[in-house]
Amino acid sequence: MKDKKVLFMAQAAMIAAIYVALTVVLAPFSFSEIQVRVAEALTILPAFTPAAVPGLFIGCLIGNIAGGAVLPDIVFGSLATLIGAFFTWKLRNAHPLLAPVPPIVANTLIVPFVLKYAYEVPLPVPFMMLTVGAGEILSCGVLGMLLYYALRSRREQIFGTAA
């Protein structure tokens, strides 16, 4: 039992660290009304391990703080990632192509309002839903699915769980 808790915490910490590193290193692409946050490709990981849910949330939270985000972005942007990760985990036994849908939807619906009201971006919310949604499709849908298929055959070795 203790080994499972240690594995869970280690996986969550590693996922958080990778998310932060990708967000900060690729900061020019991670923030603004037109963004492709490469770290969001990791939102596919709850399909493999429940540890990814808190790992992604903590990683996004720290990444937003380190990236200089304002408080509403730190809170609501991180909650969008948490919601997406949680529902990806809930869909873990469904068709793999459904896995990136929750983070795409959560971020497309939440982040434009953060941009509009926290950063006072003068663009219309529906337009920012298109730009944020397009970025999420690229990061979660394309990069995330590439990551999914790259990890799928090594699932047991990487995550310690059977397929």
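View 1. Arg 37 has a relative accessible area of 7%, so it counts as buried (buried is under 20% relative accessible area, exposed over 50%, partly exposed in between; 1.4 Å probe, protein chains only). The model is predicted: local features need pLDDT of at least 70, side-chain atom pairs count only at pLDDT 80 or more, and totals for chains, interfaces and linings use all residues. Residues are numbered from 1 along each chain as its sequence is written, and side-chain values use heavy atoms, with hydrogens and water left out. Arg 37 sits in the loop between α2 (27-30) and α3 (52-66). Helices are DSSP runs (H or I, at least four residues), numbered from the N terminus. The Arg 37 side chain makes a polar contact with the side chain of Tyr 19, at 3.4 Å. A polar contact is a pair of N or O atoms within 3.5 Å; within protein, one must be able to donate a hydrogen and the other to accept it, and residues adjacent in sequence count only if both atoms are side-chain atoms.

**View 2. The largest nonpolar core.** This core has 18 residues. Tyr 19, Ile 44, Leu 45, Phe 48, Leu 56 and Tyr 148 touch the most other members. At least two residues of this core come from each of α1 (2-25), α3 and α6 (125-152). Helix α3 gives the most, with four residues. Another core, of five residues, lies apart from it; Val 111, Val 121, Met 128 and Val 132 are among them. A nonpolar core is a set of buried Ala, Val, Leu, Ile, Met, Phe, Trp, Tyr and Cys residues joined through side-chain atoms within 4.5 Å.

**View 3. Leu 56 and Thr 43.** Leaving aside neighbours within four places in sequence, Leu 56 is in contact (heavy atoms within 4.5 Å) with Ile 15, Tyr 19, Leu 42, Thr 43, Pro 46, Thr 81 and Ala 85. Thr 43 lies in the loop between α2 and α3. Its relative accessibility is 1%, so Thr 43 is buried. A polar atom of the Thr 43 side chain lies 2.6 Å from the backbone oxygen of Glu 40. With neighbours within four places in sequence left aside, the contacts of Thr 43 are Leu 56, Thr 81, Thr 88, Pro 103 and Cys 140.

**View 4. Residues of helix α4.** Leu 71 lies in α4 (residues 71-90). With a relative accessible area of 61%, Leu 71 is exposed. Leu 71, Val 75, Phe 76, Leu 79, Ile 83, Phe 86 and Phe 87 make a nonpolar surface patch of about 620 Å². Pro 72 is also placed in α4. Pro 72 is partly exposed, at 36% relative accessible area. Not counting residues up to four places away in sequence, Pro 72 touches Gly 77, Val 114 and Ala 118. At 0% relative accessibility, Ser 78 is buried. Residues up to four places away in sequence aside, Ser 78 touches Phe 57, Cys 60, Leu 61, Asn 64 and Asp 73. Patches are made of residues with over 30% relative accessible area and no salt bridge; like charges are joined within 9 Å, nonpolar side chains (Val, Leu, Ile, Met, Phe, Trp, Tyr) within 5 Å. A salt bridge is a side-chain nitrogen of Lys or Arg within 4 Å of a carboxyl oxygen of Asp or Glu. Accessible areas come from the Shrake-Rupley method with a 1.4 Å probe; for residues, only the protein chains shown count as cover.
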